[in-house]
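Keep the sequence at hand as you read.

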Amino acid sequence: MTELCRTESALTALDEEQLWEMLDSHRCRILCSVCPSRLTPYLRQARVLGQLDEEEVLHCPRLTNTAMRAGHLLDLLKTRGKNGAIAFLESLKFHNPDVYTLVTGLQPAVDFSNFSGLIETSKLTECLAGAIGSLQEELSQEQRQKAALQEQCRRLQESLGLAEARTESLQALEADHDRMKHEVSAHFHEVLKLKDELLSLSLRYSNALQEKELATTRCRGLQEELYLMKQELHRAQVASSCEREFREQSLTIASSLESEDEELTRLKEENEKLRSLTFSTVEKDILEQSLDEARESKQELVDRIHSLRARAAAAERQRKQFWEEKEKTLLQFQKTRVDCEIYKEKVNALQGQVVELQKERDQAYAARDGAHAEISQQLTEKDSLRRKLFALTEEVCELRKQLRKLQTDSQSGAKLEAVPREPCARGKQRLVRMYAIRQWEDSDHGPLSSTELSSDLSAMSSFRSSSPVPPSQRSLYKRATEDLREDPWSLSFPDILEAELGASPGDKEEDVDLDYEIVDKAGLPEAEDGSKPFSGGLYVSDSSVPMRRRPARRILSQITVLAFQGDALLEQISVIGGNRTGIFIHRVTPSSAADEMALRPGTQIVMVDYVTVEPPFKAVLEDTTLEQAVGLLGRVDGFCRLSVKVNMEGYKKLVQDLEAKVATSGDSFYIRVNLAMEGREEGELQVHCNEVLHITDTLFQGHGRWHAHRVSPYTIKDTTHGAIPNYSRAQQLLIATIQDMTRHSTAARKQSSGGPQKLVRIVSMDKAKASPLCSSFDGGQSDPGKLEDSSNVSFWAESCFTLVPYTLVRPHRPTQPRPVMVVPRVVGKILIEKLCLLRGFEKCPAEYLTQEEYNTRSQRGDIIQEPEGSGSCCWVTRQAVESLMEKGTHGLLDLGLASVRALHSREIFPIILHISTNEKTAKRLRKALQRLGTSEEQLLEAARQEEGDLDKAPCLYSSLAPDSWSDLDTLLSGARVAIADEQKKIVWTEQSPR
């Protein structure tokens, strides 16, 4: 449309639909750049906008930002018809000239005689004065903002000074802390030594107490034995005294027989007295009871004596056993002392050897330093010789130039002797420049420039020429004979050919030192002076040598560069394949330049280099889709270089799969869809947002459609299939959907607060790091003449970031339980407290790390993120998460969504559980929120912020709708079911752009 608008008068000549179509095609850029408050004064003067319309645009509470006001302004102007469009374009000429140029393609030249007539000349001054007043008001506002910013900068500088002073004090405190820490460690070691000494003393004291107790027990036993012996001795003494008294009495009785009667009488009397003595029954009972008690006490004493004797015998046995152990310990101690002395002698010997080795090492270091000094001296001498060699090389080059000039002057007469011949057929090769195709030794390096190529070939070739005219027959024969004698293996190098059909004159001027081989001189164009002119000012002599053209040497599995005239390259060849198999040549047009360069079916194209356009491009076709390859090759329309290799095995397998209808192309990759598509046409696939698809063909039924398969969430098997829009069409659908959502902002807010289906996932990407899916759409369309593609190209060319409709993903299947993250984090804290009480769940602890430990762990990549509210010294580490996974439990992470990429880089794929929140759900969690000290408004605000961050997550997430739970218990059970279901699914993560 911009091509039609070449003059300003053409704008008024366009009809209303064309003007508004031109504005709607750039609506996104207009909404982002236009300020409605600047345009409304001019539009009012142009009588396309009223005062009420202006107040509605500028002060309506429903229009919360500048983009919405600008969109409403455009909608109002659209109702005014053609006059509204023309007035809006003229206002853009004053206030937004860059947008005016983008829309119309014209420079915003202000010509008062060329207005559309919508505004009177007398009112133009008033309009301009109003515009100047608004600009002055904006200038004053900016000045006030500048003063406020300067004041804020001054306050920040003061706070920075305070922070630096505080930092210095903190550094001093940290130094004191380190010193005290070292002192504490030293005291701690001393305390450990004292504890060891105290332990040894306590052991010795316990041993002494045991020995004392044994001695006391033995002493008590001896005292009891002594007491028993004394009692036996006393009884023996009493018995002996009684027996002695009885004997004395018997002797007395025997000696005094005379007084027997008297004694008998006395005894009788005593007997009578004893008989007369009687005891009462009570006294007898008392005596019998005393006797029984005495017997019982005696038995107890006897039993105690026996027990004491048994304990004494056991103690004696233990003493003997301990004594034997003591003897053994002393013997082992003596052996250990001897071994220690032997080890000391060995250590002393080893130390002596280490000292000797250190001396040898010092000697080796000294020798190395000397060698380094000698090497540096030799390098210095080498540099001086190299400089001399360069000087001599320059002198040789000067002499060669002089010699070449002399030879040119001497051979100028030979040019007039050429005989004209009949011109050859159109398109036939005249000259073949040798070494135009070169085998790459390293596929990472690109094609050499013409100067580098000529320098390399001059060293390899046996033919050296300094004249632009091909050498004569005698010269060729002589040089070939000399070269063959000097180096008979020179012809074994790979022969290199290039067709000089359309090379640029600059290339031909740089290649004058290359050797040429005359293939066919029949039909060269005749010159008036009888010489045969050639392109680039070359003249060929009439004499020719029947030389054999050396064919290019094809080496399998090696990359070869072919340089030729690729006019309309896709008309010369047709390609098949894709990112999985590679791009192969399938058909070659007979008698084309590609056919003459021996391109055949089965040749794989590795890279294309097209330098004759501005800007030139060089693209590697490995791992590119068929659509991208066709778009890149379609741009080639002139001299190009193709890097190819022979891969017949891969080509045959691909052709067999295509014939057997196992595959429709060589493409195979997985994408995540970032918008919902209804699939209205027949054969199209209805796709939901965040759904994973398997793309198997990027040129399905022509351009603009891909063939996709749905993927089972629990396996990687394909299910239903159909067609979806390609990347560019999906991007346009995404922009249109966003515009519709902008117009219905209220409905969009209601849906984002927990709707049943998500329409759009906003994913933006820097153009410099764009995904491989959109790499070919920056100007690589196969049909650039179409309006749709050209508008798409201009959109990408002027945007610093892109909206991504499709995201490349790759599958993972974790074998261990995955950690769990809950969004929003406030609800996550409530769920973590409940889930920790269940089996199979455990909260991931945060480790306390010092600054040194943190720096070491951070360099190794073990730090994931600092948990909220745990201080600056507590961090969640990779080892803590992996330890929970190894135990077979789900680790509960109280982290933000920013840590997901860090976890993915360590091959840890967390389950993201999104709890959709609104006012009703916030009321259900009121008691739990009060325990955390959080209000319902804070929960809703945090939920809105974190729901926006969910789109930036590099993986899919599971959501719980507000209607699926009624209280905390049902929420807990629903979360457990969702976690178990997510554990069974395949994990799809974003694939980083190459």
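Helices here are DSSP runs of H or I with at least four residues, strands are E runs of at least two, and both are numbered from the N terminus. With that numbering in mind, please remember that you are looking at a predicted model.

Let's begin at Thr 934, which sits in the loop between helix 27 (926-932) and helix 28 (936-950). Is Thr 934 buried or exposed? Its relative accessibility is 19%, and since buried means under 20%, Thr 934 counts as buried. Apart from neighbours within four places in sequence, Thr 934 makes contact with Val 826, Leu 929 and Leu 939.

Now turn to helix 2, which spans residues 16-25. Its buried residues include Leu 19, Trp 20, Met 22 and Leu 23. These residues lie on the same side of helix 2, because the arc they cover around the axis is only 150°. Look to the other side of helix 2 and you will find Glu 17 and Ser 25, which are exposed.

Strands come next. Which strands pair with strand 8? One is strand 7 (residues 573-578), which runs antiparallel to strand 8 and is joined to it by 6 bridges. Within this pairing, Ser 574 has Arg 587 of strand 8 as its bridge partner.

Among contacts with a separation of 6 or more, 72% are between residues 24 or more positions apart. The protein exposes about 62,300 Å², with carbon and sulfur atoms supplying 54% of that area.

Finally, a word on confidence. The mean pLDDT is 76, and 74% of the residues reach 70 or more. Over residues 416-469, however, pLDDT stays under 50, although the model has 142 contacts beyond four places in sequence for them. Residues 776-799 also stay under 50, with 43 such contacts. Where pLDDT is low, the predicted coordinates should not be read in detail.

How values were computed. Residues are numbered from 1 along each chain as its sequence is written. This is a predicted model: local features need pLDDT of at least 70, side-chain atom pairs count only at pLDDT 80 or more; totals for chains, interfaces and linings use all residues. Side-chain values use heavy atoms; hydrogens and water are left out. pLDDT is the predictor's confidence in each residue, from 0 to 100. Contact means heavy atoms within 4.5 Å. Buried means under 20% relative accessible area, exposed over 50%, partly exposed in between (1.4 Å probe, protein chains only). The arc is that of the directions from the helix axis to the C-beta atoms. Accessible areas come from the Shrake-Rupley method with a 1.4 Å probe; for residues, only the protein chains shown count as cover. Two strands pair if DSSP finds at least two bridges between them.
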